[in-house]
Amino acid sequence: SIYEMFGNECCLSTGEVIKVIGFKINKLIASICENNEVSRFSAKVELPLNFPGLYKVVADKTPYVSIEEITRKVSIGPTRFGHPCFYSPEDIKLANFTIKHGEQITFNSVEEVNGTMAVNCVVVRNNRSYSFTLPLSQEGKFYECEDDQIYTLKEIAEWKIPKCRNRIVKLSNTLHMWDSSYPLPEKFNGCLILMPVYEVQAVMKFRKDIVHILSDLDVEVKDITDSYDISSFLQPLSLEDVFERTSMEFPMVAEILEGPSGSQKPYNLLSPGKEIVIYKKYQAARVLASEIRSDSPKRHFLIPMSYKGKFKRRPREFPTAYDLEIARNEKEQLHVVATKAFASPHKELFSVSVGDQFLVQQCQTSEILYEGRKKLVDVLACEQILSDTYKKVLLPMYMEGSFVEVIHDKKQYHLSEICKEFRLPFNVKVSVRDLSIEEDVLAAVPGLRFEEEITDSYLLIIDASSPVESWEIPVYRLNMLVHLLGKHVQTFVPPMTKTTVEEINEEQYYMVRRYENQTLHPPPRPPKKPT
């Protein structure tokens, strides 16, 4: 059988030995969904996995009948996507623990326990976690729990579509300006039924690249696993696979099978066939920054702490008095000017006019007269700046106005200084570009908003043929496959580490913010008007 895949002709001749290394969803067939069924008026559209948009997964109403069925059909793994949640409509009594009906059970991993395959599970009860195992032989009805996270289509295809089932998703954010080429109706925000189309990933004995074979290819095969030495085949690994190795296994030598796209260093150095030393794995800090502009789309960046450029402050904008309280700093007084008028309904509190300037003091409570009754409300104590004096005033914390910061600080700051001295988010512009990198993409951006400091997973790599510099590469945003060569690596001190400012797209931005914030409590809501 001869076929063409991704522009490459591939011949599967009689007697060819192929090692299947995985199954992967190649694309999705989508139909508009009404009442959990395909709409009669919906045409089927083909969506590539990089189709723009963020989606919520709708819980499957069909139950699983055993733990074994769940492990066979649902992806359970070490990454943050691989922890599905289920509940049972009936109590499950274990040796020393009872799972209550309706209680959310998180499946973390599958492993052998005392000679029996089981799933490691967690139940959270009264803010306390209880760990236990469920054997694969456990039967009952297990339903998917509702999932409030958002995902890209690629993430859904890799982790959230059970084998032999379709998946219903609800569009959460299009991340795309609608035009006539867009396959979904204009202003569509409903549900889609996704039907996966699979491909087989395989390696051949005398080829180093990965062969992608569509599942509908008309070819007959025979399973010879038990009678063939499969150790003679390559074992391709993704960066996530490499990162899951223990720290004791590093450094390791690898050959690149599939490299990333991109002209920026180090991505242009990571071409197929090149040998690299993967020196170690670790977590590193980054500052998530977004371009300041009123229109969209904004550009987003992950900036390493080693960035050598300098920044000057830019004015921040605050929509409420509550935001002023969050932003105020003990080291310097916050000076703002009002850009929107506000008429206070209470004589005890100040009415703001456009152009009024204030020095923010502190949050406190104040007594007001409301419908003939005295009531305590949260207020922000400020000093109004007049021509030759200051006037103490109280602004209601619920006040919806608009304020712009007045900057007196002309100092230039390194990134680490900003993170240490100020509370994010924080507005800046590059005043001195980083001369250690060929092209400083931040220098061309008129204004940046530092949103938050995050940690992410990285591998430190070195070109095996020219070990003059080492590079940090992100684990979860770089599509790359390698093959470990098993060569001995002598202990050595890695050369100077190079880091890059990584520009990320809109979807990656939402993903980074989601992962960083999912374990944090949301900030308190601003106070409401007294009632």
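This report walks through a predicted model of a single protein chain, from its overall make-up down to a few individual residues.

## Ground rules

Residues count from 1 along the chain as its sequence is written, and side-chain values rest on heavy atoms, with hydrogens and water left out. Since the model is predicted, local features need pLDDT of at least 70 and side-chain atom pairs count only at pLDDT 80 or more, while totals for chains, interfaces and linings use all residues.

## The chain as a whole

Let's start with the big picture. The chain holds 6 helices and 34 strands; both are DSSP runs numbered from the N terminus, with helices (H or I) of at least four residues and strands (E) of at least two. Of the 531 residues, 43% are buried. Here buried means under 20% relative accessible area, exposed means over 50%, and partly exposed is in between (1.4 Å probe, protein chains only). Among contacts (heavy atoms within 4.5 Å) with a separation of 6 or more, 68% link residues 24 or more positions apart.

How confident is the predictor? The average pLDDT, a per-residue confidence from 0 to 100, is 84 for the chain, and 90% of the residues score at least 70. Residues 517–526 fall below 50, and that stretch has 5 contacts in the model beyond near neighbours in sequence.

Strands count as paired if DSSP finds at least two bridges between them.

Leaving out neighbours within four places in sequence, its contacts include Leu 324, Val 360, Cys 363 and Leu 394. Leu 380 and Tyr 398 are 18 residues apart in sequence, and their C-alpha atoms are 9.7 Å apart.

## Another six-stranded sheet

A further open sheet of 6 strands runs β7-β14-β8-β11-β12-β13, again with antiparallel pairing. Its edge strands, β7 (64–66) and β13 (128–135), each pair on one side only. From one strand to the next, the twist averages 45°. The pairing of β7 with β14 (residues 139–144) takes 2 bridges, and Ser 66 stands opposite Glu 139 of β14.

Thr 106 belongs to β11 (residues 105–113) and is buried, with a relative accessible area of 18%. Beyond four places in sequence, Thr 106 touches His 83, Pro 84, Cys 85, Asn 120, Cys 121 and Val 122. Over in the loop between β12 (116–125) and β13 is Asn 126, which is exposed at 75% and has a positive phi near 55° despite not being glycine.

## A buried arginine

Is Arg 286 buried or exposed? It is buried, with a relative accessible area of 4%, and lies in β20 (residues 275–291). The side chain of Arg 286 makes polar contacts with those of Tyr 458, at 3.1 Å, and Glu 472, at 2.5 Å. A polar contact is a pair of N or O atoms within 3.5 Å; within protein, one must be able to donate a hydrogen and the other to accept it, and residues adjacent in sequence count only if both atoms are side-chain atoms.

## Cysteines and cis prolines

Counting pairs of cysteine sulfur atoms within 2.5 Å as disulfides, the total is 0. For Cys 191, the closest cysteine sulfur is in Cys 33, 5.5 Å away and too far for a bond. Cys 191 is partly exposed at 21%, whereas Cys 382 is buried at 2%.

The one from Phe 250 to Pro 251 is cis, with omega near -5°, and Pro 251 lies in the loop between α3 (239–243) and β19 (252–258). Leu 424 and Pro 425 are also joined by a cis bond, with omega about 5°; Pro 425 is in the loop between α5 (415–421) and β29 (426–432).

Technical notes:
Axes are lines fitted to C-alpha atoms, for helices over the stretch in contact, and angles run from 0 to 180 degrees between N-to-C directions. pLDDT is the predictor's confidence in each residue, from 0 to 100.
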